[in-house]
Structure formats: structure tokens, C-alpha cells
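Please look over the sequence and the structure shown below. The paragraphs that follow lead from the overall fold to single residues.

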Amino acid sequence: MVKEIKRSDWKRFCRRFNLENQYRHARITLRDMHQNRETIPLEPFLGIKPSKKGRFINGLQLYTASWDPNNLAIPEVTLPDPDTIQIEKQKNGLSLSLHVKSKNGSELMLEISGDQDRSKAGGVVEKVAYSLYQNRGADNGRDIDDWFEAENRLRFTEESLTT
């Protein structure tokens, strides 16, 4: 089943989409206005979010997790000036793909597969905790604090994309 998302619902749609699809396997295929194609895996996938200039949506960003404790979600891809968003779902309601067309003729296809795999979040927490440890000068004895801080930062990042 394919459904087009109304522009007025894009922000709410993105939050719901992220909640249902964080940590699923994701792959992007980009096609520019000259029909050149590029495929990019998004691991671990955190979500999508419209970017705004003033009141107007001027892009759609797709986020993956980063190990930088100060910026856990990085926009891996930004599609400028999105014009339409279509979602394809299975009969059971799971998302299969997201198709976005830009005003300049570029297209983005986000393919989603598998179940949500929260164990990927543990890998992010581990790497962020290690970065926190290194940022404090590799001072031993505060590994639990670093771990909890990394979990909190990741939870805040996930919530910023889903609420």
C-alpha cells in the first residue's frame, strides 16, 4: 500500500516514522536531476526530519548515529526542497520504503527492512561512553558514569527525533 503524505503532516509523520523505524536496517538510493544514482547504507538509522528556513521546509534530513558525545545524530543525507513524500507499507503496517521527490527533480528512496534492533543502540552507547572517557583525559574509575551519561545522551537524541 502506497500513501502520499500531506505537506501539513510532514513533521508529525516524520516523528511517527522515526518511532516505528529507529534501528531498523536502512538504505538510501539517491538520484539527482541528471539521473546519477548513489546508494548509501544508514547504520544505525535514527530517523528523518524536515529542515526549515523560517516557516518553510527547505529540506529533508536523514540521520544516523555518531560517536561524538556532543552530536549523536548527524544528517547523513539532506534532500533540498522536497515536494512529495510517499510511504509504502506492508499489510501488517511495517514500513517498506519512503520515496521523496524534490522540486529540482532529484529523488530519494529510503528502503527499510528487518525488525527494530535495539542492540544497535548498545553499540552506540559503548562508543559514546568511550569518547566521554577519552574526552576526560582517560581518567579511570568513572566508567559507570560515562556509560549512564552516554545512555542519557542517546535517549535525548532519540526523543528529539520522535517527540
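A residue is called buried when its relative accessible area is under 20%, exposed when it is over 50%, and partly exposed in between, with a 1.4 Å probe and protein chains only. The model is predicted, so local features need pLDDT of at least 70 and side-chain atom pairs count only at pLDDT 80 or more, while totals for chains, interfaces and linings use all residues. Residues are numbered from 1 along each chain as its sequence is written, and side-chain values use heavy atoms, with hydrogens and water left out.

The confidence of the predictor in each residue is given as pLDDT, from 0 to 100. For the protein the mean pLDDT is 93, and 100% of the residues reach 70 or more. Helices (H or I, at least four residues) and strands (E, at least two) are DSSP runs, numbered from the N terminus.

The protein contains nine strands and three helices. Along the sequence they follow the pattern β-α-β-β-β-β-β-β-β-β-α-α. Taken along the principal axes, the C-alpha atoms fill a box of roughly 55 × 35 × 30 Å. Of the 163 residues in the protein, 40% are buried. A contact means heavy atoms within 4.5 Å. Of the contacts with a separation of 6 or more, 52% are made by residues 24 or more positions apart.

The interior can be described through its cores. A nonpolar core is a set of buried Ala, Val, Leu, Ile, Met, Phe, Trp, Tyr and Cys residues joined through side-chain atoms within 4.5 Å. The largest such core has 24 residues, of which F13, F17, I48, L98, L108 and L110 touch the most other members. Helix 1 (residues 10–21) supplies the largest share of this core, four residues.

R15 counts as partly exposed, at 27% relative accessibility. Leaving aside residues up to four places away in sequence, R15 touches L161, T162 and T163. R15 and T163 are 148 residues apart along the chain, yet their C-alpha atoms are separated by 6.1 Å.

Some details of the backbone also deserve attention. Most residues other than glycine have a negative phi, and most peptide bonds are trans. Y23, in the loop between helix 1 and strand 2 (25–31), has a positive phi of about 65° although it is not a glycine. Is Y23 buried or exposed? Y23 is buried, with a relative accessible area of 0%. D81 has a positive phi as well, of about 45°, and is not a glycine. D81 lies in the loop between strand 6 (73–80) and strand 7 (82–89), and at 37% relative accessibility it counts as partly exposed. A cis peptide bond, with omega about -10°, joins E43 and P44. P44 is placed in the loop between strand 3 and strand 4 (45–53).
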